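Visitor: Please take me through the pockets of this protein, and explain with care what lines them.

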Amino acid sequence: MQEKRRGMLVVVSGPSGTGKGTLCNMLLEQDPSLRFSVSVTTRKRRDYEVEGVHYYFVTDEQYDALLQEDALLEHATVHANRYGTPRKPIEDLMEQGLNVILDIDPQGARTVISKCPDCVSIFILPPSYEALEKRLHTRNTEKPEEITRRLNNAKGEIEQMDHYQYVVVNGEGEDGKQLAFNRLQAILEAEKQRTNRYFPVIE
Ligand code: ADP
Ligand code: 5GP
């Protein structure tokens, strides 16, 4: 049997601290057809972050130049920093039949959903606001006032959940995470079999 595939664009979004990065990493480790879309950001690099792996860290001037060149599929100011999705790498990967996963904020997700109607859009919901707050504290990457800012944004973001095709609750602890991961896997496996992306030819 011969088969051809068209790459799929997967948009994963939700409030900061809900577990998007954690779940995306689990998917990327398990699925060789998936690639991560590395964003550009003007945010300061965290100690553990690697240039070109987690983000491309750019100056405001470099970011402005990318906007001028229309090099970003979407861009947004998130919690006082600027973030954007480079367009060209996504197009190249999808042309090779690979599936690309975007971990982006809800503003950016709305742009991608409207510009790319074929994309698969998934909202990751925390099990409670209390759990979300705990996750942001446990991650220990933001100062308390920044955590408060992210929590304040969360309610409005959650209200917009119905713009997505799918919602997955990332429940508390290992079991909750595993169940969310299993559901994400099931969504992606089903979406890969759509006739507009999968073209098997039998003898
Ligand atoms: P996001 O990418 O959405 O901002 P992260 O993936 O960085 O969120 O997760 C935020 C914190 O929550 C991290 O410390 C992560 O280890 C933790 N976490 C992720 N999923 C769960 C879960 N199901 N239960 C408890 N903690 C979780
Ligand atoms: P962090 O600073 O914690 O890495 O990310 C903050 C938020 O920015 C997260 O919600 C993350 O999903 C989002 N984000 C990361 N990259 C992009 C991007 O390219 N575009 C948009 N719109 N949001 C992004």
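The pockets and their linings

Guide: The second largest pocket has a volume of about 370 Å³, where a volume is the space filled by probe spheres on grid points joined across faces, edges and corners. The model is predicted, so local features need pLDDT of at least 70 and side-chain atom pairs pLDDT 80 or more, while totals for chains, interfaces and linings use all residues. Residues are numbered from 1 along each chain as written, chains are lettered from A and ligands numbered from 1 in written order, and side-chain values use heavy atoms, without hydrogens or water.

A pocket is an open set of points on a 1 Å grid over the protein atoms alone, where a 1.4 Å probe fits, with protein on both sides within 12 Å along at least five of seven lines; lining residues have an atom within 4 Å of a point. Around the second largest pocket there are 14 such residues, and Lys44, Thr141, Glu142, Lys143 and Glu146 lie nearest its centre. Eleven of the lining residues are charged (Asp, Glu, Lys, Arg), three are polar and none is nonpolar. Helix α6 contributes the most to this lining, with four residues.

The largest pocket has a volume of about 1200 Å³. Its lining comprises 46 residues, with Lys20, Gly21, Thr22, Asp103 and Arg139 nearest the centre. By class, 13 are nonpolar, 18 polar and 15 charged. The most, six residues, come from α1. Elements giving at least two residues include α1 (20–30), α5 (129–139), α6 (144–159) and α7 (173–192).

Notes
Nonpolar A, V, L, I, M, F, W, Y, C, P; charged D, E, K, R; others polar.
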